[in-house]
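Subject: Structure handover

Hi,

Here is the structure I promised to pass on. Please open it first, then read my notes below.

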Amino acid sequence: MKAEGIDVISFAAGEPDFNTPDVVNEAAIAAIHAGLTKYTPSSGTKDLKEAIAAKLARENGLNVSPDQIVASCGAKHSVYNTMQVLLDPGDEVILIAPYWMTYAEQIRLAGGEPVVVHTTGDEEFVPTLERVAQAITPRTRAILVNSPSNPTGAVLPLQTLQGIANLAQKHDFWIVADEIYERLVYGAEHHTIASFSPEIAERTITINGVSKTYSMTGWRIGYAAAPLPVAKAMSNFQDQVTSNPTSFAQKGAVAALNMDSAAVEAMRAEFEGRRDLIVSLLRQIPGAQVPEPRGAFYAFPNFSHFFGGEVATDLDLATYLLQEAKVATVPGSVFEGAGHLRLSYAASRDDIQRGVARIAEALGKRTA
Ligand SMILES: Cc1ncc(COP(=O)(O)O)c(C=O)c1O
């Protein structure tokens, strides 16, 4: 529609709309000029792994050696490697829904089975430990924890994370913690599960990357920090699949990890302002249920109030809003969050104002 010249406002983006910081760009350009354009060790350069280890110690209270780190082509790739090395056919991985759909597909690609724990907006998408415990079977191999969450913006409280860690310890399964949105929290605190105790660290794979925090989605640098045997298996696996992530992108990632945290805080603060704006505008729509997103850059309102007639599902509603309001959203069903739409507020304040006004008008027609 955009290509046809139609003024579509998009809330579909899964990436920050800021430029990559100059200091990062310059480090990568300098690396190219210095000839760092060849293969590196498959699991990443020594200086990148050292910068990641230093970051994990400084910001996450996690002490790992560079040998325990595998740098990959994005956190998505790190999750994929993790599933490939942890799962045997028929192994189960607990997912807390709504979840990023890639997890379920990557579990299946490794021969595993997702076992879903459902949560609702009323509980701000935080599962009770009883429900998590009910999902455990003799085939449970891992639980995937994504806090802050895509698509809900939920940030799991410390008690929930500790309870999950205790269950993993008691029933002997792995924890895969995708912490890619850790720096984007608003009045909530992020906790790194692997830092809880050495015993928990021994069963946790921590996944992160530079995409979201530093606005570097196109650079494709993510990483996993894992117990040594898992890290070695992931490194061997990656060696046969992609080899190293791009050499000069790794240099950019080192610059990002070492850059002044004030620039990161400025981006976080801007997202917080946009979050406040979109949440307050959405809450003015009668019938919309809008849970408080405490992290990442997504609002996940429940719009099932507006279903009826030809618009029976969130998929229909997303299509209706695109056609009627010229606003792009992502239907919640793709994340096992039926009834909801995901609205990314990685958009300008002007687009947020205009876009939500259009949504309100189109939804108003459905209840008129
Ligand atoms: C929860 C979550 N994990 C990982 C990723 C992927 O990040 P990367 O760009 O590092 O592959 C995304 C991107 O949308 C995400 O939402």
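**What I found**

Thr128 is placed in the loop between β4 (113–118) and α5 (129–134). Helices here are DSSP runs of H or I with at least four residues, strands are runs of E with at least two, and both are numbered from the N terminus. A word on the source: this is a predicted model, where local features need pLDDT of at least 70 and side-chain atom pairs count only at pLDDT 80 or more, while totals for chains, interfaces and linings use all residues. Residues are numbered from 1 along each chain as its sequence is written, and side-chain values use heavy atoms, with hydrogens and water left out.

Back to Thr128. Is this residue buried or exposed, or in between? Thr128 counts as partly exposed because its relative accessibility is 30%. The cut-offs are under 20% relative accessible area for buried and over 50% for exposed, with partly exposed in between (1.4 Å probe, protein chains only). The C-alpha atoms of Thr128 and Val85 are 29 Å apart, and 43 residues separate them along the chain.

**Two buried residues**

Ser78 belongs to helix α3 (residues 75–86). Its relative accessibility is 0%, so Ser78 counts as buried. The Ser78 side chain reaches the backbone nitrogen of Tyr223 at 3.4 Å. That is a polar contact (a pair of N or O atoms within 3.5 Å; within protein, one must be able to donate a hydrogen and the other to accept it, and residues adjacent in sequence count only if both atoms are side-chain atoms).

Ala288 sits in the loop between α10 (261–283) and β9 (298–299). Ala288 counts as buried because its relative accessibility is 16%.

**The ligand**

How many residues surround the ligand? The number is 13, and the closest are Ala75, Asp178, Ser211, Lys212 and Arg220. To be near, a residue needs a heavy atom within 4 Å of the molecule. The shell divides into 5 nonpolar, 4 polar and 4 charged residues. Here Ala, Val, Leu, Ile, Met, Phe, Trp, Tyr, Cys and Pro count as nonpolar, Asp, Glu, Lys and Arg as charged, and the others, Gly among them, as polar.

A ligand oxygen lies 2.6 Å from a backbone N or O atom of Ala75. A ligand oxygen is also 2.6 Å from a side-chain N or O atom of Ser211. For Tyr181, a side-chain N or O atom is 2.8 Å from an oxygen of the ligand.

Best wishes
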